Amino acid sequence: FKNKDSYNYANESLLGSLTQLVLIIALFTILVGVVSLFLAENLRNNQIEKKKIFWIIGCTAFHLLSYDVIVVTLYLVTSVIYIARNKVIKQYKEDW
């Protein structure tokens, strides 16, 4: 950069872009959390819902790409519990 004004503009522009990116990812994460909470509240007893497991896997993949280790761990635990629940429901229906 030839003068300090252009350097400051580039620095502020980069910082502004990074701030916007972080805010967009944070808002998307909050939206995904609210949708996941809504889906968890509306689970039906004794019924296997395959769309919800795909939602959980998609959320896990997104958070894995954004390096959010805590949320990835929580979604992996949730998916294991949900798959185990579905397996028990499936065995219960086969036995009857």
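What we have is a predicted model, where local features need pLDDT of at least 70 and side-chain atom pairs count only at pLDDT 80 or more, while totals for chains, interfaces and linings use all residues. Residues are numbered from 1 along each chain as its sequence is written, and side-chain values use heavy atoms, with hydrogens and water left out.

So, the fold. The chain has three helices and zero strands, and along the sequence that reads α-α-α. Helices here are DSSP runs of H or I with at least four residues, strands are E runs of at least two, and both are numbered from the N terminus. Of the 96 residues, 17% are buried, meaning under 20% relative accessible area; exposed is over 50%, and partly exposed sits in between (1.4 Å probe, protein chains only). Take contacts, that is, heavy atoms within 4.5 Å: among those between residues at least 6 apart in sequence, 53% join residues at least 24 apart.

Leu-14, Leu-18, Leu-21 and Ile-25 make a nonpolar surface patch of about 360 Å². Leu-21 belongs to helix H1, residues 4-41, and is partly exposed because its relative accessible area is 47%.

Now the largest pocket. Its volume is about 270 Å³, counted as the space filled by probe spheres set on the grid points, which are joined across faces, edges and corners. A pocket, on a 1 Å grid over the protein atoms alone, is an open set of points with protein on both sides within 12 Å along at least five of seven lines, and lining residues have an atom within 4 Å of a point. Which helix gives the largest share of the lining? That's H3, with seven residues. H1, H2 (50-65) and H3 (69-95) each supply at least two. The lining has 15 residues, with Ser-36, Ala-40, Ile-56, Tyr-75 and Thr-78 nearest the centre.

Last stop, Glu-49, in the loop between H1 and H2. Buried or exposed? Glu-49 counts as buried, because its relative accessibility is 10%. Leaving out residues up to four places away in sequence, Glu-49 touches Asn-42, Leu-43, Arg-44 and Tyr-82. Glu-49 and Tyr-82 are 33 residues apart in sequence, yet 9.7 Å apart in space, C-alpha to C-alpha.

Note on methods:
Patches are made of residues with over 30% relative accessible area and no salt bridge: like charges are joined within 9 Å, nonpolar side chains (Val, Leu, Ile, Met, Phe, Trp, Tyr) within 5 Å. Accessible areas come from the Shrake-Rupley method with a 1.4 Å probe; for residues, only the protein chains shown count as cover. A salt bridge is a side-chain nitrogen of Lys or Arg within 4 Å of a carboxyl oxygen of Asp or Glu. On a 1 Å grid over the protein atoms alone, a cavity is a set of points where a 1.4 Å probe fits but cannot get out, and a pocket is an open set with protein on both sides within 12 Å along at least five of seven lines; lining residues have an atom within 4 Å of a point.
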